[in-house]
Amino acid sequence: KWTENVLLGPGNMNHFVYIDEASLNMRITRKYGCAPLGRRAFQRVPYNRGPNMSSVVAVDQTGILAHHFKRGAYNQETFTKFLEDQVFPSPEPRHRILLMDNAKFHKTQRVRDPITGSGHTLLFLPPYSPHPNAA
């Protein structure tokens, strides 16, 4: 039903911009390992945990439209700044449909206002969606 509504809704697939963010920590270590038979697995691990690194990418029909990498997690302020600085300014201004997952801060008024104020449409994947976000 969700897919039908998207495909039959306003606009066409050329107007879609898929946006997603991901985080990682370079200091994460494994708890298990492999070693030759009769020998113990050994690994040196750093004592301190490093900071999380996060990235966000916006993809449209032409490929990567915008991306950003930062230390720490994205929140509504940093995500909105990414949209305003990198996604909205484009060589050909046009109506876009921004498709995002259901991260809590995506649904805040602080994120919605700049999107709708710029004439774009915000669309969320359904909760626990089997449809992967293209970003």
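Biologist: Which strands does α3 lie across, and what angle does α3 make with β5?
Modeller: α3 lies across β4 and β5, and α3 runs at about 135° to β5. Axes here are lines fitted to C-alpha atoms, for helices over the stretch in contact, and angles run from 0 to 180 degrees between N-to-C directions. Contact means heavy atoms within 4.5 Å. Helices (H or I, at least four residues) and strands (E, at least two) are DSSP runs, numbered from the N terminus.

Biologist: What kind of model is this?
Modeller: A predicted model: local features need pLDDT of at least 70, side-chain atom pairs count only at pLDDT 80 or more, and totals for chains, interfaces and linings use all residues. Residues are numbered from 1 along each chain as its sequence is written, and side-chain values use heavy atoms, with hydrogens and water left out.

Biologist: How many helices and strands does the protein chain have?
Modeller: 3 helices and 5 strands, in the order α-β-β-β-α-β-α-β from the N terminus on.

Biologist: In what order do the strands sit in the sheet?
Modeller: The 5 strands form an open sheet ordered β3-β2-β1-β4-β5, with mixed pairing. β3 and β5 (121-124) are at the edges with a single partner strand each, so one side of each has no neighbour in the sheet. The twist averages 20° from one strand to the next. Two strands pair if DSSP finds at least two bridges between them.

Biologist: How many bridges join β2 to β3?
Modeller: 8, and β2 and β3 run antiparallel. Met-53, for one, has Arg-71 in β3 as its bridge partner. α2 packs on the sheet, touching β1, β2, β3 and β4, and its direction makes about 140° with that of β3.

Biologist: Which residues of α2 are buried?
Modeller: In α2 (residues 76-87), Phe-79, Thr-80, Phe-82, Leu-83 and Val-87 are buried. They lie on the same side of α2, because they cover an arc of only 155° around the axis. The arc is that of the directions from the helix axis to the C-beta atoms. Buried means under 20% relative accessible area, exposed over 50%, and partly exposed in between (1.4 Å probe, protein chains only).

Biologist: And what covers them?
Modeller: The cover includes β1 (16-25), β2 (52-60), β3 (63-71), β4 (97-100) and α3 (109-117).

Biologist: Which residue caps the N-terminal end of α2?
Modeller: Asn-75, with a side-chain oxygen 3.1 Å from the backbone nitrogen of Glu-77.

Biologist: Now the core. Which residues have the most contacts inside the largest one?
Modeller: Ile-19, Leu-83 and Leu-98, in a nonpolar core of 19 residues. β1, β2, α2, β4, α3 and β5 each supply at least two residues of this core, and α2 gives the most, with 4 residues. Another core, of 5 residues, lies apart from it and has Tyr-18, Ile-97, Leu-99 and Leu-125 among its members. A nonpolar core is a set of buried Ala, Val, Leu, Ile, Met, Phe, Trp, Tyr and Cys residues joined through side-chain atoms within 4.5 Å.

Biologist: Different topic. Asp-60: why does it count as buried?
Modeller: Because its relative accessibility is 8%. Asp-60 lies in β2, and its side chain makes a polar contact with the side chain of Thr-62 at 2.6 Å. A polar contact is a pair of N or O atoms within 3.5 Å; within protein, one must be able to donate a hydrogen and the other to accept it, and residues adjacent in sequence count only if both atoms are side-chain atoms.

Biologist: Is Asn-52 buried or exposed, or in between?
Modeller: Partly exposed, at 34% relative accessibility. Asn-52 is also in β2, and its C-alpha is separated by 4.7 Å from that of Asn-25, 27 residues apart along the chain.
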